[in-house]
Amino acid sequence: MGRIFRIRLRLRRFTRRHAWLVFAIRSFVIFSAAFGGAYGFIAGSRSDSSGYDPHVFAIGASFLFAIACVALATLSFRLRWMRHRLRKIALHNETLADRNWELQEAEQRARSLFESQGDLIVLRDAEGCITFVNDAYCELAQQPRGVLIGSRSST
């Protein structure tokens, strides 16, 4: 079991590193199967006898089987490709969620630091509107925080 696992692992690594080569090989195999089936069906359909010929039937059935195999191989390749893309998106999404969580924690730490200060802290935007005040400023202005935020008071 260990040897088979190592072979599979090496094949997976090879396919990740040389995706275009693997794609070309798979495409060639799919084309060969479809072409072989079509050629067999055409060669069988040109039989001289007009009645039932088991060889023609077998060639036609093998052609239909080849078409089904080609369709399944194509779907398998597309599903693997989509699974790979979804895995990348999931990892990117997880990274963004982690960054968002870290930023929220940093904001909470900064807010609690501002709140615990005894000094007056007022943050204003470019137009001069108040965007943040701490409790010490609210006590000095004798107004609640909700009234002060968004105003232009200079108390």
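The questions and answers below concern a predicted model.

Q: Which elements give two or more residues to the lining of the largest pocket?
A: The largest pocket holds about 860 Å³ of space. Among its 17 lining residues, those closest to the centre are Thr15, Arg16, Arg26, Arg80 and His84. The elements that give two or more residues to this lining are helix 1 (2–17), helix 2 (19–45) and helix 3 (54–116).

Q: How do the residues of the lining of the largest pocket divide into nonpolar, polar and charged?
A: Arg16, Arg26 and Arg80 are among the lining residues closest to the pocket centre, and Arg counts as charged. Over the lining of the largest pocket, the division is 8 nonpolar, 2 polar and 7 charged.

Q: Is Cys138 buried or exposed?
A: The limit for buried is under 20% relative accessible area. Cys69, at 33%, is partly exposed. Cys138 has 11% relative accessibility, so Cys138 is buried.

Q: How many disulfides does the structure hold?
A: A disulfide is a covalent bond between the sulfur atoms of two cysteines. The cut-off used for such a pair is 2.5 Å. The number of disulfides in the structure is 0.

Q: The side chain of Asn134 reaches the backbone nitrogen of which residue?
A: Asn134 sits in the loop between strand 2 (130–133) and helix 4 (135–141). Its relative accessible area is 0%, so Asn134 is buried. Leaving aside residues up to four places away in sequence, Asn134 touches Phe114, Gln117, Asp119, Leu120, Ile121 and Arg145. At 3.2 Å, the side chain of Asn134 reaches the backbone nitrogen of Tyr137.

Note on methods: Residues are numbered from 1 along each chain as its sequence is written. This is a predicted model: local features need pLDDT of at least 70, side-chain atom pairs count only at pLDDT 80 or more; totals for chains, interfaces and linings use all residues. Side-chain values use heavy atoms; hydrogens and water are left out. On a 1 Å grid over the protein atoms alone, a cavity is a set of points where a 1.4 Å probe fits but cannot get out, and a pocket is an open set with protein on both sides within 12 Å along at least five of seven lines; lining residues have an atom within 4 Å of a point. Grid points are joined across faces, edges and corners, and a volume is the space filled by probe spheres set on the points. Helices (H or I, at least four residues) and strands (E, at least two) are DSSP runs, numbered from the N terminus. Buried means under 20% relative accessible area, exposed over 50%, partly exposed in between (1.4 Å probe, protein chains only). A polar contact is a pair of N or O atoms within 3.5 Å; within protein, one must be able to donate a hydrogen and the other to accept it, and residues adjacent in sequence count only if both atoms are side-chain atoms. Contact means heavy atoms within 4.5 Å.
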